[in-house]
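Hello,

Here is the structure we talked about handing over. Please have a look, then read the notes below.

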Amino acid sequence: MASLELKNIVKRYKSQTVLDNLSLTVADGETLVLFGPSGAGKTVLLRLVAGVIDPDEGKIFIGGDDMTDVDAEFRGVGMAFQNFALFPHMSAFDNIATPLEAKRSSPGAIKAGVESVAKLLKIAHVLSHKPRALSNGQKQRTALARALVGSPPLLLLDDPLRNVDAKLRFEMRLELPRLLADRGATVVYVTQDYKEAMALGDRIAVMSQGVIRQLGTPEQIYREPANIEIARLFGDPTINLLDVKPARDTRGIYVGLSNVQVHLAGAYDAAVGRDCVIGLRPEALSFVEEGIPGAIPVTVEAETPLNEKIVTLVRTVRGREILVSRPAGTPGRSEGKVHIAVDGKSALLFDHASGDRLGSKNVVTLRNGEAA
Amino acid sequence: MEHTSLLERILRGMALTLVVIFFMFPIVWIFMMSFQTNETILRIPPQLIFEPTLANYTALVTGKLMTAAGTLDIAFMRNLWNSVFLSVTSVAVSLLLGVPAAYAFARHKFRGSEDIAFTLLSFKFAPALLVLLPLTLYFQKLGLANTYVGLIWVYQLICLPLILWIVRGYFEDIPADIEYAYRIGGHSWFATFRKIALPLAGPGIAAAGLLAFIFAWNNFVFALVLASADKQPVTVGALAFITSSGIQYGQISAAIVLSITPTLALALYAQRYLVEGLSLGAVKG
């Protein structure tokens, strides 16, 4: 088993800095998800750990050993590539067997090892096929099998579900956590899919432009995103973002939403009088009867029933559009003038200029405001 | 789907026939000449109907050339062997040197790598005659003139750039991730080169080798200047048929037929690879 530690990694290509003084620690047996848009430096980071490219500055420790200048074949990691990177001239069996051959295992041990991992990944029946005769899902499983077969203490998975169809992606999203947990390996998993990140990660590192913007548990990333960008990346439908200017009255700090004062509970003293953005998750909004304190009048524009939830697009009196999400089967109005209320738990306040979240580290609480 | 009318197909067929006749005519004519005596060849107007004779081929194989001035010894079979030996050895040496070099140029961008690669290619731009004069002087000093080693060395000017640039394109076409995956699996870079890069670039290497073989086989000027009779390939050896008593058209034709047969056979056999190799070289240039 092996922990992974990156210290002050810098990687430049020509004049462009791809990784900018990045440090990261992954505990033994932990699954860390690297999440971020393309070009964030996730894949480069993974390749640095694998040893196929070298950092310009910084150190890489695997299991406590300095591996910065160690060649890829001696690092003992397993890696699955986004594009599968199967060897086209070898059968699936030979593909999976390559890490065992490198260890000079006996033919019997190789056969047993390949067959057991193939059975686990349900590709035992296609082991004799060449990669071009495999479906995308089988290719992906073969690539994964090749990464797993040597039981490496550190597994690097570069968006392995990117190139497979939606059904298989959903299945694998369910299977993978158990598979990885059974192995007990330390895992670094790269993805651009926030659901995958939430489902697989013990912790998530959100990257953009070569920097880790936030590192935390899936719960933390969702509840307390460090900035607007991260709040927008996690969640479907995306978070509602409205420009507000918090003010203070005798009862505390409040924001005005459609002439309804909504009081905020939190350390927002610095926000008073500044241009801010309030973030409201669609599922934190609910339809209420008129006259209830904090009820905000809106007009229903459109309603989209998804399988497990219904998403309603509403327009406020000031013409701002808001998405409201409710579980399927719960009552709601699909047209006309209605009222919505803000749930007290998950409203977020961001600074308008910098995009950073304001307030304490704790979950922001927000009391339903009362009409002034 | 493309629909073609009957007229279109007939016209296309005629056009193709014309092109084939145009390009094949010299070869067919030479083939016919090789079965004629000098008298029938030189008759005016030329005749399509003649009595075929194997005299030309017999003369080449036995090495005795009968002319009006008497019997002349020719070393055609020796020349043919020289051609085979020089071409095969040159291509083998070029592959041995060029394939690893091509891999290095494809995979490792070191300082000046493009300049070195281009310099190697530029050997093909230089007129051979320009290189030959200083080369002859050096070779005479070094004792390499009129040796197989010297000739094979000079033939590298023909084979090496060709192999280097074509094979490099093939290596660059292999996704780097495939090689990374093998190395992460625990294999050395040399094992990766042998087990992954070489097999995947195999068709390209074969195509480059065949092309280099044809170019080496067809070379004339290097061998003309640097080799004497016993080391000459067929291209130079054919000059022996221009004798004091006249040009032996019949024997020259037979010699040409015999000397293009191996390359023609090779080219036909490996046609698919050759076209792939040529076009890939062009794209990757």
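Domain bounds here come from an automatic or database domain assignment. On that basis, chain A has domain 1 (4–225) and domain 2 (233–366). The centres of domain 1 of chain A and domain 2 of chain A, taken over C-alpha atoms, are separated by 38 Å. Please keep in mind that this is a predicted model.

Chain A

DSSP runs give chain A 8 helices and 22 strands. Along the principal axes, the C-alpha atoms of chain A fill a box of roughly 80 × 45 × 35 Å. Chain A has 372 residues, and 42% of them count as buried. Take the contacts in chain A with a separation of 6 or more: residues 24 or more positions apart account for 66% of them.

Where the chains touch

The contact takes 16 residues from chain A and 15 residues from chain B. On the chain B side, the elements that give two or more residues are α8 (176–184) and α9 (189–200) of chain B. Of these, which gives the most? It is α8(B), with 7 residues. By class, the side of chain B that touches chain A has 9 nonpolar residues, 4 polar and 2 charged.

Helix α10 of chain B

Helix α10 covers residues 202–218 of chain B. At 1.5 Å a residue, its 17 residues should span 24 Å. The end C-alpha atoms are 24 Å apart, which agrees. Is this helix buried or exposed? A residue counts as buried if 20 or more other C-beta atoms lie within 10 Å of its own. By that cut-off, 12 of the 17 residues of α10(B) are buried, so the helix is largely enclosed by the rest of the structure. Among the buried residues are B:G204, B:I205, B:L210, B:L211, B:F213, B:I214 and B:W217. The list also includes B:A207, B:A208, B:G209, B:A212 and B:A216.

Confidence

For the complex, the predictor gives an ipTM of 0.80 and a pTM of 0.77. Chain B has a mean pLDDT of 84, and 92% of its residues reach 70 or more. Among the elements of chain B, helix α4 (residues 76–107) has the highest mean pLDDT, at 92. Helix α14 (residues 271–284) of chain B has the lowest, at 53. Over residues 280–285 of chain B, the pLDDT is below 50. Beyond near neighbours in sequence, that stretch has 9 contacts in the model.

Best wishes

Terms used. Residues numbered from 1 in each chain as written. Chains lettered and ligands numbered in written order. Predicted model: local features only at pLDDT ≥ 70, side-chain atom pairs only at ≥ 80, totals over all residues. Helix = DSSP H or I, 4+ residues; strand = E, 2+ residues; numbered from the N terminus. Contact = placed C-beta atoms within 7 Å. Nonpolar A, V, L, I, M, F, W, Y, C, P; charged D, E, K, R; others polar. Expected span 1.5 Å × (residues − 1). pLDDT = per-residue confidence, 0-100.
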